[in-house]
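The sequence and the structure come first.

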Amino acid sequence: MRVRRYGLLVVVLLVCLVLLTVQTRGGGTGRAADVLSILTTPVQVVLAKIHRASISLWVGYREWRTSWSENVQLRTENERLRVESMQAAETREENDRLRRLLGLRQRLPMTTLTSEVIGREGGGWVRSLTINRGAGAGIATQTPVIVPDGLVGRVVRVRPGAAVVQLLNDPASTVGAMVQRTRTPGLVEGDPGGAVRFKYMARDGSGIVVGDVLVTSGQGNVFPKGLPVGRVVSIEDKGSALFHFAVLAPVVDFARVEEVLLLTGQTTQDLAGLFPRES
């Protein structure tokens, strides 16, 4: 280690001696400057590169900070716009539902009462909705409940400020109905599995085909005549059995019902023409 230090000292002294010699022998300050320039130029080049790299790194960092800040702002703005878009879509859908419900209410030749769904029971053996109208609003059991698409069910339990609506697909539900095209009568029943079936006498049901629409028959003085119930999606052939069954797709999506009409009045008019037909 000591030898290296002495060696380095000797090298420095030699360099100084060479510079002094060059200067003394007539080279003047110009040659010494040239030699010094030769020795220092690489160092200056390296320092310049380091300087430029530092400047570039700093500028890149500033640009990254600016981009990151703008990205955060854009994400916040995007989330705000997404929430506003969802709220606008929700309001638009609600307005559409209420507009259709009001239109149906104005077309019906009987007294009605609007209500909102505040609860629903969809598991096990009970399929029902709870609405925010009850005995205090004059609602009684057996009151039919509809939406612009058709029949939802009937009120089976009344409380002071609420009522329970038995859905069409409840296993205990039975509704007098008929095939709109052939006028074949029968009963629409709920199924434990959640399906809806149309039970009819075999000799009367020979003309039923998939796609036929069923409406309430008006028999029994509970449901007015002509309320859309469902559409035939399959027919269970029981051979020579007395009764046949047709599986229906309800016209109402019970899971999406949010507002309903309660039919508080009565009419003998066939209401089928007051409901828009599916295209």
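Two strands are said to pair if DSSP finds at least two bridges between them. By this definition, strand β3 (residues 144–147) and strand β12 (residues 259–263) pair, in the antiparallel sense, over two bridges. The structure is a predicted model.

## Overall composition

The chain contains one helix and twelve strands.

Of the 279 residues of the chain, 31% count as buried. Among contacts in the chain with a separation of 6 or more, 58% are between residues 24 or more positions apart.

## The barrel with β1 and β12

Six strands form a closed barrel in the order β1-β2-β5-β4-β3-β12, with antiparallel pairing. In this sheet, neighbouring strands are turned against each other by 45 degrees on average, direction ignored. Strands of a sheet pair through backbone hydrogen bonds, either parallel or antiparallel.

Strand β12 pairs with β3 over two bridges, and I146 stands opposite L261 in β12. Strand β1 (residues 112–121) runs antiparallel to β12 and is joined to β12 by five bridges. Here E116 stands opposite E259 in β12. Strand β1 also pairs with strand β2 (residues 128–131), in the antiparallel sense and over four bridges. The bridge partner of E121 in β2 is S128.

## The barrel with β6 and β9

Another six strands close into a barrel in the order β6-β7-β8-β11-β10-β9, again with antiparallel pairing.

Strand β6 (residues 174–179) is mostly covered, with five of its six residues buried. Strand β6 pairs with strand β7 (residues 185–190) in the antiparallel sense over five bridges, and M178 stands opposite P185 in β7. Strand β6 also pairs with β9, in the antiparallel sense over three bridges; A177 stands opposite T216 in β9. Strand β9 (residues 213–216) in turn pairs with strand β10 (residues 228–236), antiparallel and over three bridges. In β10, G230 is the bridge partner of L214.

F198 is found in strand β8 (residues 196–201). Is F198 buried or exposed? Buried means under 20% relative accessible area, and F198 counts as buried because its relative accessibility is 0%. F198 and V232 are 34 residues apart in sequence, and their C-alpha atoms are 8.4 Å apart in space.

## Loops with positive phi

Strands β6 and β7 form a hairpin with five residues between them. R183 lies in the loop between these strands, β6 and β7. Phi of R183 is near 65 degrees, a positive value in a residue other than glycine. With a relative accessible area of 39%, R183 is partly exposed.

N221 lies in the loop between β9 and β10. N221 is not a glycine, yet has a positive phi of about 60 degrees. At which relative accessibility does N221 count as exposed or buried? The cut-off for exposed is over 50%, and N221 counts as exposed because its relative accessibility is 73%.

## The largest pocket

About 440 Å³ of space lies in the largest pocket. The lining of this pocket is made up of 15 residues, of which R97, R100, D149, R256 and V257 lie nearest its centre.

Which element gives the largest share of the lining of the largest pocket? That share, five residues, comes from helix α1 (residues 2–107). By residue class, the lining of the largest pocket divides into nine charged, six nonpolar and no polar residues.

How values were computed: Residues are numbered from 1 along each chain as its sequence is written. This is a predicted model: local features need pLDDT of at least 70, side-chain atom pairs count only at pLDDT 80 or more; totals for chains, interfaces and linings use all residues. Side-chain values use heavy atoms; hydrogens and water are left out. On a 1 Å grid over the protein atoms alone, a cavity is a set of points where a 1.4 Å probe fits but cannot get out, and a pocket is an open set with protein on both sides within 12 Å along at least five of seven lines; lining residues have an atom within 4 Å of a point. Grid points are joined across faces, edges and corners, and a volume is the space filled by probe spheres set on the points. Ala, Val, Leu, Ile, Met, Phe, Trp, Tyr, Cys and Pro count as nonpolar, Asp, Glu, Lys and Arg as charged, and the others, Gly among them, as polar. Axes are lines fitted to C-alpha atoms, for helices over the stretch in contact, and angles run from 0 to 180 degrees between N-to-C directions. Buried means under 20% relative accessible area, exposed over 50%, partly exposed in between (1.4 Å probe, protein chains only). Contact means heavy atoms within 4.5 Å.
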